[in-house]
Amino acid sequence: MSEQRGTHCPACGHGDYKSLFHGTDRLYATTTRSFTVVECSQCRLLRLFPQPDPAELGRYYPANYWFNPVANPAASPEERYRRFVLNDHVRFVERAIEAAGERGPVLDVGCGGGLFLRLLRERGHRVVGLDFSIDAARVAWEQNRVPALCATLSRAPLAPRTFSTITMFHVLEHLYDPIGYCDAARELLRDDGRLVIQVPNAACWQFLLFGEHWNGIDIPRHLINFKEKDLVNLLDVCGFTVVRRKHFSLRDNPAGLATTLAVGLDPMARRIRVPHETPGQRLWKDAVYFGLMLACLLPTAVEAACGAGSTIMVEARKK
């Protein structure tokens, strides 16, 4: 019998672990299968066990789980909102671009529909997107007018030392081999290039409070659940030094808590799980969800100010 995928810790290679809890797909309900989240006995990294094989894992990603600006009647106000909250990411990345002092373009890995890259391009930056979904890459090209490739980073047809900055927002936690992606990013960056990574932070207060119901755990799509120290250690192994950290994301932290508290109101989850909402029902639920996000703004800001925010964003440079 073949060994189950993910038996050994991807960070330290240790084989011993302890089970923390069981859970299934709370957000999109793509499966009723129960998965276990375990903690490595050596380095305490959290991971899904057993990890589903690639064919199975692909079934847990709905075709339209990323934002498509032409896919729903509320797209226009929703896109305006997304542009507003993405400015938080744009400012962080622009500071990294300035620190790099390089003239190369910016590569966004896991670009989705490309709205973030469009905002960077509108500020005068050269940009390229990369996504595993061909439909997402098509939306990036056709709707947001940014070049995008459909590929994995480790096999992308890109020349070494091409980019001044590479970004990965909520990518590493989905990967079987995050080290491979960080190694590939290092090869693609110029000498003083910058790598910007954001992941859910499994050391946040929300995880302590809600456990398996915390939205950031996202069973079964998140194969690895990073704490801040895990991410820093990973980057160190891959030849990077972290130079800046941020524990609050205007786009992700309040919305993440709102979804944890009321998963049935999450707009993306409803779009996938309840496709027959009337426009009136959709607008009413969107309004309630938006109000809940506003209510979550203060507690998530306090959480982040104490260094325990539900996301961690870092800027790293090559050693």
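Start at G124. This residue sits just after helix 3 and takes a positive phi of about 95°. Keep in mind that the model on your screen is predicted.

Now step back and select helix 3, residues 115-122. Which of its residues are buried? Look for L115, F116 and L117, then L119 and L120.

Move to the second largest pocket. Its volume is about 200 Å³. To find the centre, select A11, L45, D230, N233 and L234; of the 14 lining residues, these are the closest to that point. Two elements each give two or more residues to the lining: helix 5 (178-188) and helix 7 (228-237).

Which helix gives the most to this lining? Select helix 7, which supplies 5 residues.

**Last stop: helix 8**

Select residues 253-261, which form helix 8. Why can this helix be called largely enclosed by the rest of the structure? Of its 9 residues, 8 are buried, so the rest of the structure largely encloses helix 8. Buried here means under 20% relative accessible area.

Pick out the buried residues along the helix. They begin with N253, P254, A255 and G256, and continue with L257, A258, T259 and T260.

Finally, show what lies over them. The cover on the buried residues of helix 8 includes helix 6 (205-210), helix 10 (279-305) and strand 11 (311-318).

Definitions and conventions:
Residues are numbered from 1 along each chain as its sequence is written. This is a predicted model: local features need pLDDT of at least 70, side-chain atom pairs count only at pLDDT 80 or more; totals for chains, interfaces and linings use all residues. Side-chain values use heavy atoms; hydrogens and water are left out. On a 1 Å grid over the protein atoms alone, a cavity is a set of points where a 1.4 Å probe fits but cannot get out, and a pocket is an open set with protein on both sides within 12 Å along at least five of seven lines; lining residues have an atom within 4 Å of a point. Grid points are joined across faces, edges and corners, and a volume is the space filled by probe spheres set on the points. Helices (H or I, at least four residues) and strands (E, at least two) are DSSP runs, numbered from the N terminus. Buried means under 20% relative accessible area, exposed over 50%, partly exposed in between (1.4 Å probe, protein chains only). Contact means heavy atoms within 4.5 Å.
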